[in-house]
Amino acid sequence: MDIGQVFTLTITQAFGVTALIYLFAAIGLNIQFGYTGLLNFGQVAFVAAGAYAVGVIVLTFDLSLWLSIVVALITSTLLALLLGIPTLRLRADYLAIVTIAASELLRLLVRSIAFKDVFGGAQGLNGKLGQEFHDLNPLPVDFTLPLLSWSRQDLWVVIVGWCLALLFTLFVWGLVRSPWGRVVKGIREDEDAVVSLGKNVFVYKLQALIIGGGIAAFGGILWAVAKQSVQPDTFQPDFTFFVFTILLLGGAARVFGPIVGTVIFWFLLAGFGEVLSSLINNGYIAFLTPTDVGSIRFMLMGLGLMLLMIFRPQGIFGDRRELALDAR
Amino acid sequence: MLRRVRLALGVLLLATLAFLVSGGLSPAHAAQTSITGTLTTPAGVAVSGVVVTATGPDGVSASGTSDEKGVFVVPLTAGGTYTVEIDVSTLPEGITLNNEADASRSLLVLGGEKRIIIGLSEGGESGIVADDSGTAERVIQLFLDGVLYGLVIALGAVGLNLVFGTTGLTNFSHGELLTLGAFTALAFNTAGLNIVIAAPIAIVFSAFVFGWGQNRILWRPLRRRKTGLIAAMIVSIGLAIFLRYALVLFFGGAPQSYKQFAGQSGIALGPFNTTPKALILGALAVLALAATVIWLQRSRIGKATRAVSDNPALASATGIDVERVISVVWIIGAGLAAFAGIYLGLTQNTVWNMGQRILLVLFAAVILGGLGTIYGAIVGAMVVGIFIQMTTLFIPTEMKTVGALFLMILILLVRPQGLLGRKERVG
Amino acid sequence: MPANTENTTKMAPGRAAAVEALRDVARVPGSPKPDPILVADQVSRQFGGLKAVDVTHVEIQRGAITALIGPNGAGKTTLFNLLTGFDNPDTGEWTFNKTPVAGKAPYRLARMGMVRTFQLTKALSRMTVMDNMLLGASGQSGERVFKALLPFTWKAQERANTERAMELLGRFNLDAKIDDFAGSLSGGQRKLLEMARALMVGPEIVMLDEPMAGVNPALTQSLLGHIKNIREEGTTVLFVEHDMDMVHDISDWVIVMAQGQIIAEGPPDAVMKDPQVIEAYLGSRHGSALTADGASLTADSQGGTT
């Protein structure tokens with residue numbers, strides 16, 4: 001097998017567009033779950049809100065991509081209010097069930113025939129979604145990187161995506177070291193104690209949900225712009241759980257946790273996939289076929305999530321004493 | 001350290017249970033990746049000229065048209081999650097889809113030839129009542145459909161709620177207990193046993209291996225380690241993902257049917273159209289649920305279960321062996337879930353994500369009845385089942401689950417403790 | 001009562017003032033106080049079939065240490081939860097500084113100056129001792145999400161709060177621990193931290209739920225000293241305790257609850273001789289023990305989870 005090619009493909013994945021989408025969702029989830037302790041199992045809904053805002057504004061209404069970014073943020077804020085107001089006063093597992101239910105509910109709505117004119121039904125919205133963004137691409141037309149297999153268009157998305165990701169990381173860093181961050185960390189530790197000190201816990205939780213949702217919505221925007229396509233069935237609940245895996249891998253409540261987690265997650269996943277595929281294709285593993293690689297990858301993700309949560313809930317680089325994720 | 005190793009081994013062992021059950025039932029893989037199927041009327045006449053389109057993850061779509069034998073092939077370039085749509089306008093006059101939701105479905109294609117089944121009906125002859133029949137009849141039909149569906153939900157929800165009540169675990173892998181039950185039956189069925197024999201064996205097998213065994217290998221050690229409930233919840237999600245794709249690996253991603261009773265013809269009981277198998281299964285479900293309720297009311301361990309659900313610390317202090325109760329609860333919960341899975345497998349089909357698809361409905365039922373309240377699950381399940389079916393009077397069939405999920409969120413707003421729950425449990 | 005009038009001149013000024021003010025108050029349940037900070041009427045709360053709290057009338061004197069005692073399951077913690085807004089009563093009205101506050105959210109009551117601690121100490125384990133303290137400071141502009149990202153808008157305030165926290169931690173002998181995680185402190189130190197944190201809010205009344213529970217005897221004395229100091233600085237103290245002997249030394253006034261009701265009130269010496277009180281305590285060890293414990297279980301789990 002060609003080790004060089006496997007490595008190139010793996011790196012391309014670890015820093016690529018898909019990894020970035022998960023990264024934005026993970027940065028948002030880090031604020032919600034890592035720092036505030038909110039068990040948001042519907043993060044995918046915020047990503048979908050961002051993606052559909054672009055799809056609907058650009059394709060259905062034929063308006064500007066830049067307007068759609070504003071709409072995406074408004075939509076994700078409304079979604080956070082809608083999810084948060086009924087559930088943030090309730091126990092953690094209720095929030096988990098409601099958020100996952102709401103994300104499924106929204107997916108079923110946008111894929112329904114009834115709203116096909118707006119959301120494109122089960123096929124979603126496909127077309128020149130990111131044209132205005134790609135028109136700004138400053139890279140020379142025949143530009144290629146020596147090792148990595150990104151197209152000119154993808155490379156432009158990747159560069160802007162990583163800049164934004166670093167910006168959001170800086171934003172989170174600023175937030176969590178402020179008194180605001182102190183309050184939300186207190187909420188994660190013990191809500192009642194924070195209430196007894198005169199803080200309106202509900203408002204802080206709502207703020208965390210809105211901010212985290214807004215950052216996740218950027219993942220959706222990136223998705224629509226990079227893949228020029230928005231499809232309902234890509235926004236399944238499992239997306240959220242992979243984001244949880246990423247966050248736990250890198251370390252929840254650590255500013256760089258999402259970045260570390262995303263890169264490692266996609267590096268391992270892609271690397272494993274490529275290695276296994278090439279082993280199978282070259283006849284080293286006779287009892288598997290190339291089509292099995294997909295299932296095995298997902299199985300490993302599930303197993304990884306379990307083992308991480310059991311043995312290293314503080315992430316692979318975290319300090320157990322500080323971050324052992326307890327709960328009641 | 002030893003305990004750690006044992007736990008890790010346990011996780012792996014549990015994970016490989018699917019191997020043991022299936023014993024290498026890996027499906028044959030064809031070289032060409034495609035989605036294919038055959039369209040025929042209930043009378044067996046091939047339906048040609050119907051356009052089927054598949055749209056892939058990157059927005060690339062391909063389509064195929066059914067030929068004179070009714071066979072269509074949609075060639076694909078790669079595996080992935082596809083949206084398969086049937087252009088209803090190309091169906092011949094008088095031919096409709098059995099199930100409106102079939103017009104558009106999501107499908108995981110891992111490679112090879114993926115067969116899909118599309119049920120057609122001719123002139124409202126099939127089990128689905130056409131719109132032109134009387135509203136009163138339609139109401140009765142949907143209500144009774146709802147009762148049957150409610151029974152399936154109840155079978156699944158009881159275990160979910162019992163486990164929550166006794167251990168506090170919100171088990172996101174409970175759906176997979178249904179799936180595992182259905183596939184265990186499928187494995188025995190494929191091995192040559194008639195489903196009538198395979199089903200009870202699979203239920204007992206599931207109860208002890210997937211229920212008792214799962215608790216023993218995974219959850220009990222986690223409780224000993226004092227793993228938090230939220231952490232445990234996330235562990236259950238990892239387990240669910242693992243089990244689902246293990247099933248895909250060993251059984252393939254396509255829906256499969258049991259060898260017997262797959263295409264049973266319908267019967268009419270007055271205005272109610274159904275199949276004999278659905279009625280028999282419904283009756284058995286009522287028996288199983290009644291037995292569970294009586295067991296909880298009468299038997300020593302049943303009473304102990306209620307005591308543990310009420311207050312584990314107090315129950316333990318009064319000399320109840322809490323771990324024993326939990327073991328029993330897992331056995332019963334997994335057994336009932338396996339029954340629910342086989343029920344779904346017989347009336348619809350078995351597919352790797354069948355449990356995942358029904359999980360949120362189970363949660364809706366449990367929340368409606370009251371999380372942790374034992375009879376709440378059954379009451380909630382019947383309400384949700386009937387609600388889901390009846391709402392199709394007003395909203396498109398494809399959105400019926402939307403209604404149930406919306407109802408659940410509404411309940412949380414108005415009465416978060418559920419219909420039968422106590423207020424103290426919520427805060 | 002001779003014990004009270006004895007030597008008011010030798011007492012600390014806060015104590016002397018409190019004893020003086022309470023001298024002529026009637027020793028009956030629900031007696032009116034000269035300068036009440038908290039007045040409650042008809043407060044009741046039912047769990048299932050059990051009336052956990054049923055208080056007709058109670059007043060808490062400003063500037064004094066009032067002990068709320070009673071056997072297990074008497075409804076003390078439940079009453080605490082109700083008064084501080086952490087639980088909702090079935091009936092009842094109460095005022096804080098003459099403002100009606102029934103039905104107000106607990107965080108609002110805390111901001112108004114009514115700050116409580118918990119029976120099971122709620123130190124925020126994975127935060128440092130200093131962060132625990134700073135969380136207590138009220139009116140921080142850096143806690144507003146829009147200003148949080150502009151450190152120059154809150155740095156000065158943060159410095160002032162840190163100084164105040166240092167000063168308080170010094171008094172509670174925790175100043176060597178400021179960078180330790182609160183979770184690494186001993187049980188007694190956590191109690192001290194929780195008390196210091198409550199004082200960071202700048203309360204008019206601190207309500208301590210069993211401050212001595214789970215504290216080793218050596219620390220108990222210093223804990224009592226801290227509670228006295230709180231009064232000397234002009235802050236009213238109301239605390240729950242089930243051990244009668246513990247309250248004798250520090251409280252200016254004692255309110256006794258049994259089975260949800262207030263059965264006696266008065267200075268510590270008088271109350272302890274009250275046959276009704278003795279019976280309530282002894283009785284709880286005999287006949288009514290089971291039901292009373294049941295109430296306590298419900299009440300405590302309430303306190304823990306709401």
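1. Helices are DSSP runs of H or I with at least four residues, and strands are runs of E with at least two, numbered from the N terminus. The model is predicted: local features need pLDDT of at least 70 and side-chain atom pairs count only at pLDDT 80 or more, while totals for chains, interfaces and linings use all residues. Residues are numbered from 1 along each chain as its sequence is written, and chains are lettered from A in the order in which they are written.

2. Helix α13 (residues 400–414) of chain B has 15 residues.

3. Chain B is divided into domain 1 (35–126) and domain 2 (136–425), with bounds from an automatic or database domain assignment. Their C-alpha centres lie 31 Å apart. In the contact (C-beta atoms, placed from the backbone, within 7 Å), 8 residues of domain 1 of chain B meet 7 residues of domain 2 of chain B. On the domain 1 side, β7 (104–109) and β8 (113–115) of chain B each supply at least two residues.

4. In chain C, the assignment gives domain 1 (2–123 + 188–305) and domain 2 (124–184). Each of these domains contributes 15 residues to the contact. Helix α8 (residues 187–200) of chain C gives the most to the domain 1 side, with 10 residues.

Definitions and conventions:
Two residues are in contact if their C-beta atoms, placed from the backbone, lie within 7 Å. The expected span of a helix is 1.5 Å times one less than its number of residues.
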